[in-house]
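Here is a short briefing to read alongside the model. Take a look at the chain first, and then we can walk through its helices and a few of its residues together.

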Amino acid sequence: MLDVPIWLWVAFVVTVIVSLAVDLLAHREAHVIGFREAAAWSGVWVGLAVVFGAVVFLVLGAAPGVEYTTAWLLEKSLSVDNLFVFALIFAYFRVPRAYQHRVLFFGVMGALVFRGVFLAAGVAVVSRFTAVLFAFAAILFYSTYKILKGEEESFDPGRSIAVRLLRKVVPVRDEYAGMKFFVKEAGKRIATPLLAVVAAIEAADLVFAVDSVPAVLAVSDDAFIVYTSNAFAILGLRALYFLLAGLLDRFRYLSKGLALILAFIGVKLVLQASHKLFSPSIPEIPSSVSLVVIVVVLAVAVVLSVRLPDPADRHGAAAGAAEGSSSGQGQGQGQGQGQGIRKPGDPPRGG
């Protein structure tokens with residue numbers, strides 16, 4: 001374990017608290033987060049993470065600095081999957097765009113607490129039972145298989161355990177009441193759908209922690225490194241969501257890249273456990289190599305997503321052109337065919 005000065009822990013806690021307070025004050029009024037505002041806040045969160053990483057380099061040394069950077073970038077890349085689920089949850093509950101930041105703010109606060117608990121437990125278990133790294137590797141390999149085979153588990157916000165438990169504890173009304181989580185009706189305290197959305201967000205984060213925690217523990221087993229890197233990655237989730245809103249579907253190769261990263265981290269865990277349990281001659285993968293692999297895989301996935309168009313898009317464009325050429329023939333028939341299209345205001349199918 002690293003000998004981390006108390007002042008560095010205090011500096012980290014103060015930075016997080018002040019950042020959350022400033023963010024909350026800056027968004028205390030309901031409003032839609034635009035691209036420029038999201039880009040500015042993304043720059044702030046990335047800047048804070050980089051500055052803190054530089055402090056880790058200077059105070060704790062090069063090796064912990066590389067581990068922090070690798071863990072932060074790994075968590076940042078894996079958190080992209082969370083963005084897709086956020087979009088699904090917001091669509092399911094029809095959350096007005098002006099309220100989405102407030103939901104994500106409380107979702108992030110819950111994630112900071114739960115990740116802290118999971119990571120502390122993970123560090124404690126790994127330090128005592130090295131063999132558990134094989135189990136963590138198996139989880140990552142299984143996640144890789146699901147992603148590559150297109151068998152990722154679907155997330156149904158309405159059926160999540162957190163939402164169902166909330167509805168058993170307190171009644172949930174159908175209409176929103178601004179940014180309020182509770183209102184009083186007939187003298188009774190009733191939750192608004194906004195609280196159910198927060199519960200769904202927290203449930204989703206617990207699901208993603210199954211992959212995230214083992215992955216980051218492959219980079220470092222030091223509590224300070226794994227938690228600070230996770231915290232700074234989580235803090236930037238809201239801004240990243242609003243920055244990439246509407247563009248997520250374009251990065252169609254990103255999930256494949258994440259699958260390769262998870263597989264690589266799984267191999268790293270196996271070698272790490274084998275080195276400690278069986279023979280020191282078994283090589284381990286340095287964190288510097290992990291950092292390079294993560295950067296290269298993410299860069300290639302993004303470039304391929306941008307440069308190679310989706311075949312479905314080409315087919316859709318061709319179909320649209322064909323439909324346009326025959327649009328003058330039988331408008332009544334075209335209108336009849338359009339009745340099955342789901343409008344933005346319609347409820348989700350099957351919901």
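Beyond its neighbours within four places in sequence, S287 is in contact with V66, E67, T70, V219 and K268. Please keep in mind that this is a predicted model. The chain holds 14 helices and 2 strands, and buried residues make up 43% of its 351 residues.

- S287 belongs to helix α12, which covers residues 287-307.
- S287 counts as buried because its relative accessibility is 12%, and the cut-off for buried is under 20%.
- S290 is also placed in helix α12.
- With a relative accessibility of 0%, S290 counts as buried too.
- Setting aside neighbours within four places in sequence, S290 is in contact with T70, F264, K268 and I285.

**The chain as a whole**

- Taking contacts between residues at least 6 apart in sequence, 77% join residues at least 24 apart.
- The chain exposes about 18,300 Å², and carbon and sulfur atoms supply 65% of that area.

**Helix α3 with α8**

- The axes of α3 and helix α8 (residues 193-219) come within 9 Å of each other and cross at roughly 160 degrees.
- α3 and α8 are therefore roughly antiparallel, as angles over 145 degrees count that way.
- The handedness of this crossing of α3 and α8 is right-handed.
- On the α3 side, the residues that meet α8 are E67, T70, A71, L74, E75 and L78.
- On the α8 side, their partners are S212, A215, V216 and V219.
- Sorted by class, the contact of α3 with α8 has 6 nonpolar, 2 polar and 2 charged residues.

**Helix α3 with α9**

- The axes of α3 and α9 come within 8 Å and cross at roughly 40 degrees.
- That angle makes α3 oblique to α9.
- α3 passes α9 in a right-handed crossing.
- From α3, the contact draws on P64, E67, Y68, A71, W72, E75 and K76.
- From α9, the contact draws on I225, T228, S229, N230, F232 and A233.
- By class, the contact of α3 with α9 divides into 7 nonpolar, 3 polar and 3 charged residues.
- E67, A71 and E75 of α3 are listed in the contact with α8 and again in the contact with α9.

**Helix α6 with α11**

- Helix α6 (residues 132-148) and helix α11 (residues 254-277) have axes that come within 8 Å and cross at roughly 160 degrees.
- The result is that α6 runs roughly antiparallel to α11.
- α6 passes α11 in a left-handed crossing.
- The contact of α6 with α11 has 17 nonpolar, 6 polar and 1 charged residues.

**Helix α10 under cover**

- Helix α10 (residues 237-244) is mostly covered, with 8 of its 8 residues buried.
- The buried residues of α10 are L237, R238, A239, L240, Y241, F242, L243 and L244.
- Which helices do the buried residues of α10 pack against? They pack against α1 (6-26), α2 (35-60), α3 (62-78), α4 (80-92), α5 (97-128) and α9 (223-235).
- Y241, one of the buried residues of α10, is 157 residues from F84 in sequence, yet their C-alpha atoms are 8.8 Å apart in space.
- F84 sits in helix α4.
- F84 counts as partly exposed, with a relative accessibility of 33%.

- Most residues other than glycine have a negative phi.
- R94 has a positive phi of about 50 degrees although it is not a glycine.
- R94 lies in the loop between α4 and α5.
- The relative accessible area of R94 is 41%, so R94 is partly exposed.
- A186, likewise not a glycine, has a positive phi of about 55 degrees.
- A186 is found in the loop between β1 (182-185) and β2 (188-191).
- Is A186 buried or exposed? A186 counts as exposed, because its relative accessibility is 84%.

Note on methods
Residues numbered from 1 in each chain as written. Predicted model: local features only at pLDDT ≥ 70, side-chain atom pairs only at ≥ 80, totals over all residues. Heavy atoms only, no water. Axes fitted to C-alpha atoms, helices over the stretch in contact; angles between N-to-C directions. Helix = DSSP H or I, 4+ residues; strand = E, 2+ residues; numbered from the N terminus. Parallel < 35°, antiparallel > 145°, perpendicular 65-115°, else oblique. Left-handed = near helix turned anticlockwise from the far one by under 90°. Nonpolar A, V, L, I, M, F, W, Y, C, P; charged D, E, K, R; others polar. Buried < 20%, exposed > 50% of the residue type's maximum accessible area, 1.4 Å probe, protein only. Contact = heavy atoms within 4.5 Å. Areas by Shrake-Rupley, 256 points an atom, 1.4 Å probe, with all protein chains shown as cover.
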